[in-house]
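Good morning, colleagues. Please turn to the structure on the screen, and I shall take you through one part of it.

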Amino acid sequence: MNLEKNYISFLNTIKSKILQARIRAYRGLNRGHIQLYWDLGKTIVERQKRYGWGQSVVERLSKDLQFEFKGREGYSSHNLWRMRDFYLEYKEYPKLARLVLEIPWGHNVLILQKIKSNEQKQYYIEACIKLGWSRDVLLNQVKANAYALAKQNKKLHNFKMALPEYLVEQADESIKSVYNLDFLGVTHEVKERELENRLVEKVKRFILELGYGFCFIGNQYRLTLKDNDYYVDLLFYNRKLKTLVAIELKTGRFEPEYAGKMDFYLHLLNDQVKRKDENPSIGIILCADKDDLVVEYALKSVKNPVGVAEYRLTTKLPLQLKGTIPSEQEIKEGLANQ
């Protein structure tokens with residue numbers, strides 16, 4: 001038996017080393033790829049300035065490069081212009097210039113197109129590096145205005161007390177202060193089960209909102225203690241953290257007893273569901289509103305790691321109200337005429 005356990009540990013170590021080597025190799029290739037695009041953009045800018053060349057030189061260069069390097073889509077005129085803009089955008093900002101080498105070109109293009117300020121650019125680039133966001137996840141986070149939400153709302157949890165030190169930072173990065181549930185199309189107050197059902201129907205979008213590494217296990221996940229059954233609203237597994245993540249949905253204001261209930265669920269998950277090689281389970285309570293001071297006091301007596309966050313529903317007008325309320329432009333025009 002010990003031999004088998006030792007071998008499993010040995011196998012996991014080898015697999016981890018192989019995966020880490022692959023990640024390093026990929027990052028090295030990506031860094032070289034982005035460095036090439038940076039150099040091309042820089043050369044285009046410098047030669048245009050030196051010789052007074054206009055736009056036509058980029059079009060000609062694109063045709064010649066595509067002829068020389070057949071099958072390479074990266075040398076379209078649009079992409080060459082992006083390389084030029086890429087260099088001009090970051091050449092005066094050394095820190096950002098170093099960071100952009102760590103994320104794929106598609107991510108860089110999206111950030112160039114969608115984000116204006118350097119502070120916001122840095123936030124999204126660093127999030128991509130730390131959390132491994134795909135391009136779709138990055139787009140979803142930008143559309144949800146994750147930067148503004150992160151700045152406006154502090155995260156509330158007890159991770160420093162309830163988790164090993166090496167997991168605290170990663171766990172903190174895995175949750176948000178506010179979750180945007182705009183994609184559910186909910187414009188009125190709903191019952192918790194309806195909210196849960198809508199989330200399950202669009203679980204792929206919800207996982208994108210949660211962030212990188214979340215895998216859906218089930219809803220109304222049953223836990224049993226003696227003759228009693230208990231149900232976790234939503235249960236996920238986070239591959240990066242190697243931990244179960246239980247989510248409870250509350251359509252009203254946060255109440256202190258919610259923290260105790262989640263703590264109870266996490267004890268059951270750790271005893272009955274968590275595997276020996278996994279980290280302690282984490283709980284997230286999503287509620288429509290919360291008082292930060294009440295949350296802080298409620299979490300003081302909780303033994304397991306629990307985070308509390310608000311969710312936001314759609315701000316779009318229901319179809320039946322469209323046309324009955326003046327648009328932003330109409331309001332501006334009305335004020336201008338006063």
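This is a predicted model: local features need pLDDT of at least 70, side-chain atom pairs count only at pLDDT 80 or more; totals for chains, interfaces and linings use all residues.

A residue is called buried here when its relative accessible area is under 20%. Which residues of helix 5 are buried? They are Trp105, His107, Asn108, Val109, Leu110, Ile111 and Leu112.

For context, the protein chain has 338 residues, and 41% of them count as buried. The chain contains 15 helices and 7 strands. Among contacts with a separation of 6 or more, 63% involve residues 24 or more positions apart.

I now come to a partner of helix 5. Helix 5, residues 105–114, packs with helix 7, residues 135–143, at an angle of about 15 degrees, and the two axes lie 10 Å apart. Helix 5 is therefore roughly parallel to helix 7, since angles under 35 degrees are counted that way. The crossing of the two helices is right-handed.

Which residues make this contact? Helix 5 contributes Gly106, His107, Leu110, Ile111 and Lys114, while helix 7 contributes Arg135, Leu138, Leu139 and Val142.

As a general point, an α-helix has 3.6 residues a turn, so residues three or four places apart point the same way. Please keep that spacing in mind when viewing the contact. Thank you for your attention.

How values were computed: Residues are numbered from 1 along each chain as its sequence is written. Side-chain values use heavy atoms; hydrogens and water are left out. Axes are lines fitted to C-alpha atoms, for helices over the stretch in contact, and angles run from 0 to 180 degrees between N-to-C directions. Helices (H or I, at least four residues) and strands (E, at least two) are DSSP runs, numbered from the N terminus. Angles under 35 degrees count as roughly parallel, over 145 as roughly antiparallel, 65 to 115 as roughly perpendicular and the rest as oblique. A crossing is left-handed if the near helix is turned anticlockwise from the far one by less than a right angle, and right-handed if clockwise. Contact means heavy atoms within 4.5 Å. Buried means under 20% relative accessible area, exposed over 50%, partly exposed in between (1.4 Å probe, protein chains only).
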